[in-house]
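This briefing concerns the overall fold and the pockets of one protein model. Please consult the sequence and the structure shown here while reading.

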Amino acid sequence: MLFDMDGTLVDSEKLWDVALHELAAEYGGVLSAAARRAMIGACMADSMRILHDDLGQPHRDPLVSTAWVDARILELFRTGLCLRPGASALLRAVRAAGIPTALVTSSIRPLVEVALDTLGRDSFDVVVCGDEVEAVKPHPEPYLSAARLLGVPITRCVAIEDSPTGVASALAAGAAVLAVPAEVPITPADGVHQLESLTGADLELLAALLGEPPA
């Protein structure tokens, strides 16, 4: 099992909203709704370029902006992070069944370490963070890396995602995909099963996505 984090397991996009809108205000502007949607699932470097262009300030240093957002989102994660509906129950069921499990996220390791206090550090055998891979989502590398570290063929893995960017990464890697859209819709595609919420996901469904009976 390969789990995305932001928007999939934790209801963090609202916290990212706060940090990104505050940064835009810090720069004397207002972040548009279209630009914010374009950031969902993107890495920080791309997100900062989107923000700067949206504000008409392409000259700004993305590293400076990233550092500002990283510091603010760490504060917000420590005080306001909540699990998505059904996330805790599904994680418990997967672990109880002894299924190898990875967290695969574009977020950086320091932020993920804070999130693991909410998710449970024993919920995952492997954690792949955005600052620990050469290429981030939508490139397939994060999911391929997670499967390799788990010692499981990627074609025997189910990836759970909430964004088009994450779905594209998982599909390109060769995983079966369960999409649970959070903030933006996901276009129907072959190899992608969609649910409104993780409350509708169980071991039987995950096994069916791989074409096998449940363990």
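Predicted model: local features only at pLDDT ≥ 70, side-chain atom pairs only at ≥ 80, totals over all residues.

Residues are numbered from 1 along each chain as its sequence is written, and side-chain values use heavy atoms, with hydrogens and water left out.

**Overall form**

- The protein has nine helices and six strands; these are DSSP runs numbered from the N terminus (helices: H or I, at least four residues; strands: E, at least two).
- The radius of gyration is 17 Å, close to the 17 Å that the globule rule gives for 215 residues, so the protein is as compact as a globular protein of that length. The radius is taken over C-alpha atoms, and the rule is 2.2 Å times the number of residues to the power 0.38.
- Along the principal axes, the C-alpha atoms fill a box of roughly 55 × 35 × 30 Å.
- Of the 215 residues, 50% count as buried (under 20% relative accessible area, 1.4 Å probe, protein chains only).

**Largest pocket**

- The largest pocket has a volume of about 290 Å³. A pocket is an open set of points on a 1 Å grid over the protein atoms alone, where a 1.4 Å probe fits, with protein on both sides within 12 Å along at least five of seven lines; its volume is the space filled by probe spheres set on the points.
- Its lining comprises 14 residues, and Met1, Ile99, Arg156, Leu210 and Glu212 lie nearest the centre; lining residues have an atom within 4 Å of a point.
- Helix α9 (residues 203-209) gives the most to this lining, with three residues.
- By class, the lining has 12 nonpolar, no polar and two charged residues (nonpolar: Ala, Val, Leu, Ile, Met, Phe, Trp, Tyr, Cys and Pro; charged: Asp, Glu, Lys and Arg; polar: the others, Gly among them).

**Second largest pocket**

- The second largest pocket has a volume of about 170 Å³.
- Its lining includes Cys43, Met44, Pro62, Asp131 and Val136, and divides into seven nonpolar, three polar and one charged residue.
- Helices α3 (44-54) and α4 (62-80) each supply at least two lining residues, with α4 giving the most, three.

**Ser123**

- Ser123 is found in the loop between α6 (109-119) and β3 (126-128).
- Ser123 is buried, with a relative accessible area of 8%.
- Not counting residues up to four places away in sequence, Ser123 touches Leu91, Arg95 and Thr101 (contact: heavy atoms within 4.5 Å).
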